[in-house]
Amino acid sequence: MNNGGFVDLSHFGVELMLAKNLFNLGARTPIVCALCGIKRKAANRIYWLAHRQAPIKGMLPWDPQWIERSTVNNLHASIFLGLIHDYVPEHYDGIAYGQQFCDAYALYCRIVAHNPKPSHRESASEHHRVLDINRAWQLTQQLRASTLRFVTCLTCHARHLCLHQVTQRPIHCPVCQTQTGIRRRQSRVLRTFSQNAHKTSAICLGRY
Ligand SMILES: [Zn+2]
């Protein structure tokens, strides 16, 4: 039947809603296709209908060592993958997995947005969101492929990620490192303040 070129999207149903949610969270087309089980052309059309422009093209972020690049990276990856690990059944696949992934990322965004003491790097990211949804998807692939694993810190008992092949090097807990960093920053501020206080009083005393 000739429908005048009109493309009926009603049969997408759940896939359409999921794709829209993923795009709204910043997901790139290949990830939307993978999670929704739809073709690139359909994903591009959904993006176009919602945003009236073509989606971003280019390479997806892929860095298998990303969690080791900084303490903040590891903290954020551990929060997000902790949600995936705890709330998404391992046998989930297809749309069911895509919806859970989307919900876990939205929850991660809400958690980090309420960080009372954001670091310099977190403050520079929108709503303290260091982990982009596209990298979040990459991390789930690494967890599923067992190139990442969770370990529990013996000092603070927090769960965090490490690369699976790391066995010889010591594993540093990002929570303990962050606490140490905060203490160092506080003592540096106090030191600077007390040094400046001496200077200030010296200047004041020099006037009399
Ligand atoms: Zn620790």
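Reply: In this predicted model, helix H2, which covers residues 29-36, and helix H3, which covers residues 40-51, have axes that come within 9 Å and cross at roughly 115°. Angles from 65 to 115 degrees count as roughly perpendicular, and H2 is therefore roughly perpendicular to H3. The crossing in which H2 passes H3 is right-handed. On the H2 side the meeting residues are Thr29, Val32 and Cys33, and on the H3 side they are Arg40, Ala43 and Asn44. Sorted by class, the contact of H2 with H3 contains 3 nonpolar, 2 polar and 1 charged residues.

H3 also holds Tyr47. A residue is buried if 20 or more other C-beta atoms lie within 10 Å of its own; Tyr47 counts as buried because it has 22 C-beta neighbours inside 10 Å. When neighbours within four places in sequence are left aside, Tyr47 is in contact with Phe23 and Pro55. Arg28 lies 19 residues from Tyr47 along the chain, and the C-alpha atoms of these two residues are separated by 9.9 Å.

H2 has a further partner in H1. These two helices pack at an angle of about 150°, and their axes are 10 Å apart. H1 passes H2 in a crossing that is right-handed. From H1, the contact draws on Glu15, Leu18, Ala19, Leu22 and Phe23, while H2 provides Ile31, Val32, Leu35 and Cys36. The contact of H1 with H2 divides into 8 nonpolar residues, no polar residues and 1 charged residue.

Another packed pair is formed by helix H5, residues 71-87, and helix H6, residues 94-113, which meet at an angle of about 140° with their axes 9 Å apart. H5 and H6 are therefore oblique to each other. Their crossing is right-handed. H5 contributes His76, Ile79, Phe80, Leu83, Ile84 and Tyr87 to the contact, and H6 contributes Gln100, Ala104, Tyr105, Leu107, Tyr108, Ile111 and Val112. By class, the contact of H5 with H6 comprises 11 nonpolar and 2 polar residues, with no charged residues.

Ala77 is a further residue of H5 to consider. Ala77 is buried, because 25 other C-beta atoms lie within 10 Å. Apart from neighbours within four places in sequence, the residues in contact with Ala77 are Ile67, Leu131, Leu139 and Leu161. The C-alpha atoms of Ala77 and His160 are separated by 8.3 Å, although the two residues are 83 apart along the chain.

His127 is placed in the loop between helix H7 (120-124) and H8. With 12 C-beta neighbours inside 10 Å, His127 counts as exposed. Phi of His127 is near 55°, a positive value in a residue other than glycine. Ser146 lies in the loop between H8 and strand E1 (148-152), and Ser146 is exposed, with 8 other C-beta atoms within 10 Å. Ser146, too, is not a glycine, yet its phi is positive, at about 60°.

As for the chain as a whole, its secondary structure comes to 9 helices and 2 strands. Along the sequence, these elements follow the pattern α-α-α-α-α-α-α-α-β-β-α. The protein chain has 208 residues, of which 23% count as buried. Of the contacts between residues at least 6 apart in sequence, 54% join residues at least 24 apart.

How values were computed:
Residues numbered from 1 in each chain as written. Predicted model: local features only at pLDDT ≥ 70, side-chain atom pairs only at ≥ 80, totals over all residues. Axes fitted to C-alpha atoms, helices over the stretch in contact; angles between N-to-C directions. Helix = DSSP H or I, 4+ residues; strand = E, 2+ residues; numbered from the N terminus. Parallel < 35°, antiparallel > 145°, perpendicular 65-115°, else oblique. Left-handed = near helix turned anticlockwise from the far one by under 90°. Contact = placed C-beta atoms within 7 Å. Nonpolar A, V, L, I, M, F, W, Y, C, P; charged D, E, K, R; others polar.
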